[in-house]
Amino acid sequence: MDNNQQSKESTDRSDLVSEDGKNSKSVVCQRCGSKVLCPGVAVFTEKELFLPSMRKKSGLSTTEGSVDGDTLTAHWFVDDMYTFENVGFTKDVGRIKYLICADCEIGPIGWHCLDDKKSFYVAVERVNHA
């Protein structure tokens, strides 16, 4: 059908982003399936952010020189931390707190800069949608 002919990325986004630019499905943890965001509460945005490689919380705050990770551009944006159903925060890493799953503590799934109290980003590639 049409969806098979489109590129994977555009198919994924059209399936995930509603007409008003919000998440059309629940955002859930890739590891344990815990709900992070309800449908219709986060706005899709593109912003380059570096996130360390996924691991358990205990390994996130240790920095031995260079940090392994990815620069990701597709994110779900929310402006209030109380919008989340289930999310945890790491200790400060410089001016950043990383978002993790509050249940299984895997992450980082997202990013929050302490300089901007109203900006929380969840990387689309680091979560599942149901």
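A nonpolar core is a set of buried Ala, Val, Leu, Ile, Met, Phe, Trp, Tyr and Cys residues joined through side-chain atoms within 4.5 Å. The structure discussed here is a predicted model.

**Nonpolar cores**

The largest nonpolar core comprises 17 residues, of which Val27, Leu37, Trp76, Phe84 and Val122 touch the most other members. At least two residues of this core come from each of strands S2, S5 and S10. The greatest contribution is that of S5, which gives three residues.

| Strand | Residue range |
|---|---|
| S2 | residues 35-37 |
| S5 | residues 69-78 |
| S10 | residues 120-123 |

**The surroundings of Val27**

With residues up to four places away in sequence not counted, Val27 touches Ser34, Lys35, Val36, Leu37, Trp76, Val122, Val127, Asn128 and His129. Among these contacts, Leu37 is also the bridge partner of Val27 in S2. Both Val27 and Leu37 are among the residues of the largest core that touch the most other members.

Strand S1 spans residues 27-29 and pairs with S2 in the antiparallel sense over two bridges. These strands belong to an open sheet of three strands, with the order S2-S1-S11 and antiparallel pairing. S2 and S11 (residues 127-129) are the edge strands, each pairing on one side only. On average, neighbouring strands of this sheet are turned by 45 degrees against each other, direction ignored. Strands of a sheet pair through backbone hydrogen bonds, either parallel or antiparallel.

Definitions and conventions:
Residues numbered from 1 in each chain as written. Predicted model: local features only at pLDDT ≥ 70, side-chain atom pairs only at ≥ 80, totals over all residues. Heavy atoms only, no water. Buried < 20%, exposed > 50% of the residue type's maximum accessible area, 1.4 Å probe, protein only. Helix = DSSP H or I, 4+ residues; strand = E, 2+ residues; numbered from the N terminus. Contact = heavy atoms within 4.5 Å. Pairing = 2+ DSSP bridges. Axes fitted to C-alpha atoms, helices over the stretch in contact; angles between N-to-C directions.
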